[in-house]
Amino acid sequence: MENFVREPKGIQEFTAGCRLMGREVVDRQKLVKECTSVYKNENALKEHGEELAYWVSNQNFNRGNFVKGNLQWGITYINPFTVDGECAMTSGHYHGDPDCDEYYYGLKGSGFLLFWDGADDFYVEKIYPGSLHYINGHYAHRIINSGEEILAVAACSLPASRQDHQSIREHGFPYRCYKRNGEIIWEKQE
């Protein structure tokens with residue numbers, strides 16, 4: 001009976017760093033120069049050298065097992081920077097299985113979550129500490145850091161969704177987000 005009280009499998013800090021720690025937590029990162037097919041002006045990527053664009057901490061106890069119903073928890077941390085005025089962002093993705101929905105939760109910083117059905121329905125939700133975002137599995141989505149500090153966004157998702165980044169690399173999103181003279185500007189893609 002003495003082992004029936006255990007420590008939790010993970011800890012989500014809600015203090016300054018918003019770190020995810022615990023068993024089965026895996027971190028991966030992407031440098032700005034590796035964000036090809038994300039920003040309009042790819043030539044400007046090299047100006048950032050070895051600068052870290054974003055990193056993801058992910059806890060998945062069923063790694064490699066893509067059975068519907070298995071959940072994972074992750075945090076995406078996006079540094080504040082611009083590439084030729086375009087706000088820092090993730091590559092974005094569709095779900096390979098559109099029946100797999102997802103939730104995002106704003107932990108720190110400010111930015112936007114883009115939604116696009118691949119046709120005519122495109123909209124943006126503000127991200128800030130405490131904001132909750134339901135993502136229908138039929139919508140492509142991308143996180144943008146428009147603030148001056150790290151943007152941290154938690155996600156509860158199904159690994160079985162199998163993220164499709166390739167479609168976004170090939171077709172992009174219909175709008176781009178820029179910061180010019182402290183103002184956020186949305187520009188339609190042609």
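Student: Why is arginine 180 called partly exposed?
Tutor: The model is a predicted one, and in it arginine 180 has a relative accessibility of 35%. Partly exposed covers what falls between buried, under 20%, and exposed, over 50%, so arginine 180 at 35% counts as partly exposed.

Student: What makes arginine 180 and glutamate 187 a salt bridge?
Tutor: The closest N and O atoms of arginine 180 and glutamate 187 are 2.6 Å apart, and the definition asks for a side-chain nitrogen of Lys or Arg within 4 Å of a carboxyl oxygen of Asp or Glu, so the pair qualifies. Glutamate 187, with a relative accessible area of 27%, is likewise partly exposed.

Student: Why can lysine 33 and glutamate 50 be said to tie parts of the chain together?
Tutor: Their side chains meet in a salt bridge at 2.4 Å, N to O. Both residues lie in the loop between strand S3 and S4, and they are 17 residues apart in sequence, so the pair ties those parts together. Lysine 33 is partly exposed at 38%, whereas glutamate 50, at 55%, passes the 50% cut-off and is therefore exposed.

Student: Which parts of the chain does the pair of lysine 179 and glutamate 148 link?
Tutor: Lysine 179 and glutamate 148 meet in a salt bridge at 2.8 Å, N to O. Lysine 179 belongs to strand S16 and glutamate 148 to the loop between S13 and S14, 31 residues apart, which makes this a link between distant parts of the chain. Glutamate 148 counts as exposed, at 68% relative accessibility.

Student: Which residues have the most contacts inside the largest nonpolar core?
Tutor: They are Tyr39 and Ile143, in a core of 35 residues. The largest share of this core, five residues, comes from S10.

Technical notes: Residues numbered from 1 in each chain as written. Predicted model: local features only at pLDDT ≥ 70, side-chain atom pairs only at ≥ 80, totals over all residues. Heavy atoms only, no water. Core = buried A, V, L, I, M, F, W, Y, C linked by side-chain atoms within 4.5 Å. Buried < 20%, exposed > 50% of the residue type's maximum accessible area, 1.4 Å probe, protein only. Helix = DSSP H or I, 4+ residues; strand = E, 2+ residues; numbered from the N terminus.
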